[in-house]
Amino acid sequence: MHVGLLYSRIRRDEKLLLNELRDRGHEVTKIDVRKEQFDLTEPPEPFDGLDVVVDRCLATSRSIYITRFLQSYGIPVVNSHETADICADKAKNSLALADAGVPTPNTKVAFTVDSAMEIVEEFGYPCVLKPVVGSWGRLMAKIDSESAAEAILEHKSTLGNYEHKVFYIQEFVEKPGRDIRVLATDGEPVAAMVRSSDHWLTNAAKGASVEEFELDDRAKELVKQASDAVGGGLLGVDLMEAGDDYTVHEVNHTVEFKALNDAVEADVPATVVDWLEAKVDGEQSLAEVSA
């Protein structure tokens with residue numbers, strides 16, 4: 001199997017994948033997306049002969065555009081452009097989950113400060129304001145008062161990027177000081193962990209402590225439904241415990257898994273490569289039948 005790995009920086013997550021692929025004797029081509037130029041009809045030379053491309057771009061814009069180019073070239077890519085496009089935008093993500101009947105926090109979107117304030121007052125305090133594009137818990141705000149809401153919304157409205165003019169507001173979910181990250185391949189859980197913190201944000205990137213979590217049947221069901229809702233692939237599904245059920249607040253398409261690999265007994269990169277091998281074998285068999 002010849003695998004292309006898209007990157008702009010090789011982190012520990014990418015090293016884990018690269019080591020597993022090379023240990024199995026697979027050929028790997030690392031492709032620094034910052035150095036490539038994409039033609040409308042012909043792929044750049046580094047993409048010649050690849051069986052599959054794994055998108056590990058840090059920048060959302062690069063991920064969305066490059067996966068679309070690869071789709072046009074007919075080169076298999078993990079994850080697909082459709083999945084990347086949905087997962088990269090929190091509003092599209094929430095819509096996909098809701099359309100599929102997956103329980104997700106009550107969410108509303110507005111485009112002016114006045115309309116956003118009406119949503120905040122409807123939800124009550126606290127509620128949560130998130131950027132539609134972003135990761136690692138950055139630029140998220142728990143709004144505890146009217147004065148805080150007015151200040152934060154006004155500040156966002158003056159930022160340059162048009163995405164900051166999209167006010168994505170969610171109800172605040174009372175979770176037990178933790179949330180659950182599940183790494184899944186086409187809806188099949190690879191491993192899961194809880195991320196715990198005294199802070200309302202429980203991202204591992206924000207310093208939350210992590211430990212392995214055993215999924216029950218309901219959680220597994222929701223992971224599969226959430227994965228299908230965004231098109232499947234190698235995904236991070238984030239759940240929160242809400243009363244006697246779960247709510248899925250996000251699905252991530254270029255998911256980090258180094259903290260998960262440290263927290264669980266499962267060999268995460270090995271399981272991911274197992275899935276990649278099966279995926280490529282299946283596509284090659286289908287191509288042979290079609291021929």
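Let us begin with E241, which is found in strand 12, residues 234–242. Please keep in mind that this is a predicted model. Is E241 buried or exposed? With a relative accessible area of 16%, E241 is buried, because buried means under 20%. The side chain of E241 is joined to that of R178 by a polar contact of 2.7 Å. If we leave aside neighbours within four places in sequence, the residues in contact with E241 include E174, K175, P176, I180 and Y246.

Four strands form an open sheet in the order 2-1-3-4, with parallel pairing. Which strands stand at the edges? They are strand 2 (27–32) and strand 4 (77–78); each has a single partner strand, so one side of each is left without a neighbour in the sheet. Strand 1, residues 2–7, and strand 3, residues 52–55, run parallel and are joined by four bridges. Within strand 3, D55 is the bridge partner of L6.

Two helices pack on this sheet. Helix 1, residues 12–23, touches strand 1 and strand 2, and its direction makes about 150° with that of strand 2. Helix 2, residues 60–73, touches strand 1, strand 3 and strand 4, and its direction makes about 170° with that of strand 3.

In soluble globular proteins, nonpolar side chains tend to be buried together. The largest nonpolar core here has 26 residues, and L183, L234, L260 and V268 have the most contacts inside it. Among the elements that give two or more residues to this core are strand 1, helix 1 and strand 10 (188–196). Helix 9 provides the largest share, six residues. Beyond its neighbours within four places in sequence, L260 is in contact with L183, A191, A192, M193 and V268. A second, separate core of 23 residues includes C87, A184, V223 and A229.

Finally, the salt bridges. How many does a search of the whole structure find? The search finds 20. In one of them, the side chains of R12 and D262 meet at 2.7 Å, N to O. This pair links distant parts of the chain, since R12 lies in helix 1 and D262 in helix 8 (residues 258–263), 250 residues apart. R12 counts as partly exposed at 38% relative accessibility, whereas D262 is exposed at 52%. K258 forms a salt bridge with D13, with the closest N and O atoms 3.3 Å apart. Here too distant parts of the chain are linked, K258 being in helix 8 and D13 in helix 1. K258 is partly exposed at 28%, while D13 is buried at 0%.

Terms used:
Residues numbered from 1 in each chain as written. Predicted model: local features only at pLDDT ≥ 70, side-chain atom pairs only at ≥ 80, totals over all residues. Heavy atoms only, no water. Buried < 20%, exposed > 50% of the residue type's maximum accessible area, 1.4 Å probe, protein only. Polar contact = N/O pair within 3.5 Å; in protein donor to acceptor, adjacent residues only side chain to side chain. Contact = heavy atoms within 4.5 Å. Pairing = 2+ DSSP bridges. Axes fitted to C-alpha atoms, helices over the stretch in contact; angles between N-to-C directions. Core = buried A, V, L, I, M, F, W, Y, C linked by side-chain atoms within 4.5 Å. Salt bridge = Lys/Arg side-chain N within 4 Å of Asp/Glu carboxyl O.
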